[in-house]
Amino acid sequence: MSQIETHEQFKIAALERQQESARRSALASAAILDTAPEPTFDAITRLAAEYFRADTVLLGFADESRVWIKSYWGEAVRELPRSGSIFERVLAEGGPVVVSNIANDPEFAGNRMRLRRLEVASFASVPVRSPAGEILGNLTIFGIEPRRKMVVDELRMLESLAEMVANQLELRRLRQAIGSQGSRPCSGDRKVSGIWPRLPDLRRALDQRQFVLYYQPEVELATRKIIGLEALIRWVHPDRGVVPPIDFIPAAEECGMILPIGDWGLAEACNQIQKWCDEDLRHRSLRVCVNLSARQFAREGLADHVEALLRQFGVSSRQLGLEMTESSLITDAHTAMEVLGSLRRLGVSLLMDDFGTGYSSLHHLHSFPFDVLKIDRSFVARITDGEQPLQIVRTIIDLARVLGMNVVAEGIETHEQFGLLQQLGCRYGQGFLFARPMPAEDVSKLLRLPGRVLPNPPAAANLPN
């Protein structure tokens with residue numbers, strides 16, 4: 001490839017990044033993602049269904065990785081992976097996409113265009129644009145039988161409906177702008193000096209790939225063999241260095257960036273699993289666990305998203321674990337049960353993190369289909385303080401054993417803690433005594449140790465934090 005061709009490709013890629021940045025800024029201004037259903041949008045999808053006699057109509061808006069369905073008629077869909085979606089094609093075309101027979105379309109031939117209740121044979125999709133012309137989402141009608149080719153007037157009607165959506169978005173944005181005057185700003189819009197990070201900082205970090213995953217080994221206590229890894233996000237800031245999650249996750253949750261950041265983390269973990277398996281097929285026995293925020297866990301389409309990532313990276317479901325805290329379950333127990341059930345059917349491991357710190361641990365442990373219980377580090381830290389803390393840990397381990405669950409003790413830092421946990425029958429653990437969280441390349445070195453067995457922990461009674 002010539003230097004001229006390389007330069008042209010670089011310019012094209014830079015332009016695409018600039019356009020995507022402008023698109024997402026316009027989307028953020030509309031503040032439509034992760035919001036409650038709105039009757040106006042439902043009226044538009046219903047009108048489209050009646051006019052075109054469509055089986056299903058979807059109105060969606062796309063962030064970095066997902067297409068969020070804000071209104072539907074017919075088939076109930078909440079979210080879809082952006083990769084390979086109809087939105088991606090609408091964005092690439094810069095306008096409407098009409099496929100009257102998917103079987104004859106080279107781009108979609110072999111692609112399983114399925115909703116939950118029907119197999120799609122035809123669709124038409126038009127963009128929903130911002131006032132400046134950025135494509136924020138798409139309005140799509142689906143049919144079962146192959147349709148005749150859509151005539152010009154029909155396409156104009158669908159575009160008119162999409163324009164109604166765009167007008168409603170702009171009215172919504174203006175109402176919010178007026179209503180927000182004098183109200184408390186979100187952390188992403190704070191102007192107070194010294195408050196960091198703001199929404200633009202987080203968005204820039206995601207765009208410029210400043211987030212990284214560190215991994216902390218989980219070991220079998222009896223052998224010190226690495227049996228799994230916990231993925232932990234870090235922000236490698238160009239000026240501030242490595243920023244721990246406690247310094248930016250609360251701001252991300254407040255400003256709505258926790259979802260795209262969380263989706264990035266899931267995808268990156270699956271990508272890294274694939275890389276380790278490519279290095280050595282024996283690494284397929286490893287399980288990498290990813291922490292889910294309450295906002296991620298509340299998404300009804302979470303299992304679909306996880307399944308799409310597993311397919312994309314060629315990763316087995318048993319190689320992925322999802323960790324959630326009790327606080328992410330108690331807000332909506334019904335939704336929690338449905339989401340956990342769909343993930344369990346998918347085959348991923350489900351871990352209850354920080355067990356014992358909530359208000360109804362026993363109820364949740366009995367009701368929800370968890371595979372692994374993680375003893376909170378606060379209990380491990382006090383295990384050497386007397387009979388009562390020791391008895392608490394013993395009770396948790398015995399309870400998990402009765403329910404057929406594995407136990408992982410977090411925060412093991414001393415030889416005394418290590419020894420007591422083994423005496424109590426705890427099989428697995430993680431902590432600074434064995435290894436700190438580290439970049440993926442350092443984990444690769446540990447995985448090359450004979451049998452993946454870590455060396456004996458240092459003789460020091462305590463390790464620094």
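Me: How do I read a sheet, and what is the order of the strands in the open sheet here?

Reply: Start with the general idea: strands of a sheet pair through backbone hydrogen bonds, either parallel or antiparallel. Now the case here, keeping in mind that this is a predicted model. The open sheet has six strands, in the order β3-β2-β1-β6-β5-β4, and the pairing is antiparallel.

Me: Which strands are the edge strands?

Reply: Those are β3 (79-81) and β4 (97-99), each of which pairs on one side only.

Me: Can we zoom in on one pair? How many bridges join β1 to β2?

Reply: Six bridges link β1 (residues 56-62) with β2 (residues 66-73), and the two strands run antiparallel. To find one of them, look at Leu-59: its bridge partner in β2 is Ser-71.

Me: Okay, helices next. What describes two packed helices?

Reply: You use the angle between their axes and the distance between the axes. Take α9 (residues 302-313) and α10 (residues 333-346): their axes come within 9 Å and cross at roughly 25 degrees. Angles under 35 degrees count as roughly parallel, so α9 and α10 are roughly parallel to each other. The crossing of α9 past α10 is right-handed.

Me: Which residues in α9 and α10 meet?

Reply: From α9 you have Leu-302, Ala-303, Val-306, Glu-307 and Leu-310, and they meet Val-339, Ser-342, Leu-343 and Leu-346 of α10. Sorted by class, this contact has seven nonpolar residues, one polar and one charged.

Terms used: Residues numbered from 1 in each chain as written. Predicted model: local features only at pLDDT ≥ 70, side-chain atom pairs only at ≥ 80, totals over all residues. Heavy atoms only, no water. Axes fitted to C-alpha atoms, helices over the stretch in contact; angles between N-to-C directions. Helix = DSSP H or I, 4+ residues; strand = E, 2+ residues; numbered from the N terminus. Parallel < 35°, antiparallel > 145°, perpendicular 65-115°, else oblique. Left-handed = near helix turned anticlockwise from the far one by under 90°. Contact = heavy atoms within 4.5 Å. Nonpolar A, V, L, I, M, F, W, Y, C, P; charged D, E, K, R; others polar. Pairing = 2+ DSSP bridges.
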